[in-house]
Amino acid sequence: MPELFGVSRPKASVSARVIKADGTIIDLGTIAGEGREDPANMQKGREARERLNRLVKEEEQNG
Amino acid sequence: MADTVYCVDNGLDITTNRLLSSPTQNEPKWVHWGTGASAAAATDTVLQTPGGEARTVGTITQVTTTTTNDTMQCVGTITCTSAGKAIKEVGLFTHLTSTTGYLYLHGTFDVINVNVGDSIEFTCKVQYTNPA
């Protein structure tokens with residue numbers, strides 16, 4: 001009866017901060033696992049990724 | 001890509017091994033990243049497409065999520081040293097080298113774009129809880 005003895009895999013999560021070469025820090029929040037789906041985290045991550053992608057694109061355009 | 005993270009099957013092995021009086025498995029403190037596009041699975045033993053950078057040693061501590069010291073946390077940073085890349089996966093391993101060592105945790109996520117000189121500081125957590 002596995003449901004009674006319910007051995008479960010540990011809960012995992014990954015958070016990330018990008019540190020640009022110039023020292024700029026972009027906190028992406030929780031990017032996988034527990035807490036990822038929290039609305040505040042999703043919003044924070046979306047805005048951080050937009051900022052990061054903008055910076056990366058600018059760097060590529062500037063060579 | 002849907003975000004996914006597992007303390008993989010090898011990670012369960014590492015966990016119980018580390019409880020022995022003379023464990024044969026090392027701490028899973030070596031952090032590596034990759035560009036693989038598929039979601040992580042519990043049976044994974046390696047990253048899908050490891051980056052060319054070397055694994056870096058992270059700092060492992062016990063932290064509290066729900067019950068005192070119920071969570072293993074490893075914080076490690078990798079710096080992009082060659083061409084810019086689209087990072088989509090991270091792993092914790094027991095060894096520095098890619099030819100030895102076991103995978104403990106494998107996470108996959110939406111792309112993080114980095115250029116040369118950029119770094120990502122990963123904070124990986126594994127919480128051990130009592131079965132519901």
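Analyst: Two strands are said to pair if DSSP finds at least two bridges between them; strands (E, at least two residues) and helices (H or I, at least four) are DSSP runs numbered from the N terminus. The model is predicted: local features need pLDDT of at least 70, side-chain atom pairs count only at pLDDT 80 or more, and totals for chains, interfaces and linings use all residues. Residues are numbered from 1 along each chain as its sequence is written, with chains lettered from A and ligands numbered from 1 in the order in which they are written.

User: What makes β2 and β6 of chain B a pair, and which residue stands opposite Trp30(B)?

Analyst: DSSP requires at least two bridges, and 5 join β2 (residues 30-34) to β6 (residues 85-93) of chain B; the two therefore count as paired. They run antiparallel, and Trp30(B) faces Phe93(B) of β6(B).

User: In what order do the 5 strands of the open sheet in chain B lie, and which are the edge strands?

Analyst: The order is β1-β7-β6-β2-β3 in chain B, with antiparallel pairing. The edges are β1 (4-7) and β3 (56-57) of chain B, since each pairs on one side only. Helix α1 (residues 9-17) of chain B packs on this sheet and touches β1 and β7 (103-114) of chain B, where contact requires C-beta atoms, placed from the backbone, within 7 Å. The direction of α1(B) makes about 130 degrees with that of β7(B), on a scale from 0 to 180 degrees between N-to-C directions of lines fitted to C-alpha atoms, for helices over the stretch in contact.

User: What do β1 and β2 of chain A form?

Analyst: They form a hairpin with 5 residues between the strands, and Gly23(A) in the turn has a positive phi of about 100 degrees. Strands β1(A) (residues 11-19) and β2(A) (residues 25-33) pair in the antiparallel sense over 7 bridges, with Ala16(A) opposite Gly29(A).

User: How do you know what confidence the predictor has in chain B?

Analyst: Its pLDDT, the confidence in each residue from 0 to 100, averages 94 in chain B, and 96% of the residues score at least 70. The model scores ipTM 0.94 and pTM 0.93.

Definitions and conventions: Two residues are in contact if their C-beta atoms, placed from the backbone, lie within 7 Å.
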